[in-house]
Amino acid sequence: DKTVTYDEFVLMYRRVRSDDTMLEPRALYNVVDFMMNDYNCDGKIDVDEATQLMYLRAGKTIDEHSINEFLTKLFKGNLDNDSTVNFYDYLDFVEGQKHQDPKGKKLEAQRSSFSNSMKKGTKS
């Protein structure tokens with residue numbers, strides 16, 4: 001019916017947030033995630049908004065080094081107070097993160113196994 005109900009939206013958001021395999025479709029999630037972090041609705045995420053994002057996602061357990069590493073990647077090394085990231089830069093960052101495997105070879109093995117099972121028409 002070309003609409004997304006609230007229940008469908010919540011299900012999509014939760015599935016993507018908990019997906020370690022990166023196989024869930026993320027297009028709508030990426031738009032929503034960007035909009036949720038653009039607190040002043042100016043179409044850009046600034047350093048303060050990105051820092052708040054890190055604390056909201058990781059809580060008090062995150063260290064300053066991890067925050068600085070994240071911000072450096074997101075803002076491509078330009079961390080002055082006027083730095084902003086628009087939606088397209090944010091998507092580039094998200095796509096780059098998707099290809100990094102924090103769990104070693106496990107994620108690639110899961111993807112390969114899933115892909116092979118889909119080709120054979122079986123479930124793993």
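Which residues form a nonpolar patch on the surface? The model is predicted: local features need pLDDT of at least 70, side-chain atom pairs count only at pLDDT 80 or more, and totals for chains, interfaces and linings use all residues. Residues are numbered from 1 along each chain as its sequence is written, and side-chain values use heavy atoms, without hydrogens and water.

**View 1. A nonpolar surface patch includes Met-35.** Val-4, Leu-28, Val-31 and Met-35 make up the patch, with about 360 Å² of accessible area together (Shrake-Rupley, 1.4 Å probe; only the protein chains shown count as cover). Met-35 is in helix α2 (DSSP H or I run, at least four residues; strands are E runs of at least two). Met-35 is exposed at 58% relative accessibility (exposed is over 50%, buried under 20%, partly exposed in between; 1.4 Å probe, protein chains only).

**View 2. Asp-33 is buried in the model.** Its relative accessibility is 3%. Asp-33 also belongs to helix α2. Beyond neighbours within four places in sequence, Asp-33 contacts Tyr-13, Arg-57 and Tyr-90 (heavy atoms within 4.5 Å).

**View 3. Phe-34 and Phe-87 pair edge-to-face.** The centres lie 5.3 Å apart, with 75° between planes (Phe, Tyr and six-membered Trp rings pair with centres within 6.5 Å; under 30 degrees is stacked, over 60 edge-to-face, the rest tilted). Phe-34 is buried at 5%. Ring pairs link Phe-34, Phe-87, Tyr-88 and Tyr-90 into a cluster.

Definitions and conventions: Patch = residues over 30% accessible without salt bridge, like charges linked within 9 Å, V, L, I, M, F, W, Y side chains within 5 Å. Salt bridge = Lys/Arg side-chain N within 4 Å of Asp/Glu carboxyl O.
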